[in-house]
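Let's walk through this one together, in a few questions and answers. Here is the model to keep beside you.

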Amino acid sequence: MFIESFKVESPNVKYTENEIHSVYDYQTTELVHESKNGAYQWTVKPKTVKYEFKTDTHVPKLGVMLVGWGGNNGSTLTAGVIANREGISWATKEKVQQANYFGSLTQASSIRIGSFNGEEIYAPFKSLLPMVNPEEIVFGGWDISDMNLADAMGRAKVLDIDLQKQLRPFMEHMVPLPGIYDPDFIAANQGSRANHSIKGTKKEQLEQVIKDIRDFKEKNKVDKVVVLWTANTERYSNVVAGLNDTTENLMSSLDKNEAEISPSTLYAIACVLENVPFINGSPQNTFVPGLIELAIKRNSLIGGDDFKSGQTKMKSVLVDFLVGAGIKPTSIVSYNHLGNNDGMNLSAPQTFRSKEISKSNVVDDMVASNGILFESGEHPDHVVVIKYVPYVGDSKRAMDEYTSEIFMGGKNTIVMHNTCEDSLLAAPIILDLVLLAELTTRIELKSENEGKFHSFHPVATLLSYLSKAPLVPPGTPVVNALSKQRAMLENILRACVGLAPENNMILEYK
């Protein structure tokens with residue numbers, strides 16, 4: 001059974017006019033390596049820590065500024081939200097299609113909340129806590145191309161033509177602000193699009209971005225702004241002592257107009273200084289150490305890296321299954337070809353390297369979790385290839401071969417072909433990222449050992465489910481297994497309304 005909404009009635013949760021206050025018993029374990037009877041052994045000690053959560057239930061008017069607004073992802077997301085808002089339908093070869101949010105965790109997935117008369121009861125994910133309605137978001141942003149959003153939608157060749165015709169009146173007046181263009185960080189083939197850039201030194205560019213954010217907020221009368229990078233993949237920045245390894249050095253380098261500060265890092269600095277959440281949707285190392293330090297000092301949310309939409313999402317499911325089933329993956333070969341502008345930009349070796357890194361690390365924690373299958377330091381062969389094939393456009397092809405060792409020296413090979421509509425998979429993820437980033441800024445917590453409430457850590461691990469290479473605070477384990485990432489996010493939001501984690505034990509029927 002599916003229900004649209006619910007309210008928790010418990011001594012552990014209290015609803016007021018402005019907030020939801022919950023008390024939650026966090027049950028975890030403490031491991032001790034200690035000597036007993038002359039030999040060292042591991043001892044596992046269950047423990048319970050009491051937490052309190054406060055969630056501000058006032059849903060703000062939200063502005064979303066996309067870096068690369070005129071690209072395939074930006075134009076597709078904007079078009080999709082407008083189509084949903086206006087209730088647009090359009091003719092395809094197969095049927096009359098209605099606008100929807102399929103592919104969005106927050107808008108199109110469900111959670112189990114219990115059972116009733118022997119039947120499992122589910123509710124929308126978004127019913128857990130008050131979230132921004134996507135159709136009330138005000139969109140804006142920057143691009144190095146001055147094309148309006150209607151023409152950009154046509155250039156992207158993602159949406160059906162009948163839908164594009166209906167959307168054009170809503171989008172042709174939308175024109176991105178000039179963006180930061182630095183040809184040293186992206187492929188040379190992007191130069192023909194770059195007719196709309198912010199001039200000046202890096203510090204002057206940073207100041208312009210700050211002004212743009214302030215002006216956008218004032219002009220549109222929004223309460224909050226979230227900025228997300230969905231522009232071209234950049235090459236990796238060199239992390240150098242004295243340049244960007246500390247906040248002091250990074251800001252000093254900015255004053256000196258050092259060449260090695262990337263455009264994405266400039267946008268992120270601007271957002272941190274303005275206390276505006278910034279999410280990196282591409283694989284480059286935008287968050288250099290000095291920037292992470294600045295975000296932590298100012299308690300300003302940052303998250304990323306790289307949207308997890310197609311091949312990598314499947315990989316984080318399949319490898320988790322194989323290792324969890326006691327099967328040993330020994331070779332993972334992943335091949336992609338695509339023909340959109342992302343593929344064109346990735347055809348340059350320096351930008352492809354950024355993508356290769358973000359795709360390659362996705363299996364590390366799953367491999368490390370099973371010392372029976374893998375010895376210390378052992379790792380499957382893992383190769384990633386991306387090729388640019390203009391004809392296929394946004395319809396990316398991903399082919400994977402997983403070879404594993406099974407019982408008694410046997411071999412098992414799984415081959416997968418995945419045709420991904422690249423931007424139609426990425427756009428709902430962008431929506432989820434900005435909605436969840438905004439939501440987390442309204443949640444505060446404290447443990448029983450803390451005197452006052454505080455926000456989540458500014459490095460937003462809660463966004464890991466949507467990120468190919470999750471950014472985590474220094475010293476925090478990286479979790480890539482998709483099921484664990486979703487469980488973490490859902491269970492923390494459940495805790496905010498006093499619900500226990502979903503453990504799937506269903507003891508009442510055992």
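**Salt bridges and packing**

Arg112 and Glu502 form a salt bridge, with their closest N and O atoms 3.1 Å apart; a salt bridge here is a side-chain nitrogen of Lys or Arg within 4 Å of a carboxyl oxygen of Asp or Glu. This is a predicted model, in which local features need pLDDT of at least 70 and side-chain atom pairs count only at pLDDT 80 or more, while totals for chains, interfaces and linings use all residues. Residues are numbered from 1 along each chain as its sequence is written, and side-chain values use heavy atoms, leaving out hydrogens and water.

Q: Is Arg112 buried or exposed?
A: Buried means under 20% relative accessible area, exposed over 50%, and partly exposed in between (1.4 Å probe, protein chains only). Arg112 has a relative accessible area of 13%, so Arg112 is buried.

Q: How are helix 1 and helix 4 oriented to each other?
A: Their axes are 10 Å apart and meet at an angle of about 95 degrees; axes are lines fitted to C-alpha atoms, for helices over the stretch in contact, with angles from 0 to 180 degrees between N-to-C directions. Angles under 35 degrees count as roughly parallel, over 145 as roughly antiparallel, 65 to 115 as roughly perpendicular and the rest as oblique. Helix 1 and helix 4 are therefore roughly perpendicular.

Notes
Helix = DSSP H or I, 4+ residues; strand = E, 2+ residues; numbered from the N terminus.
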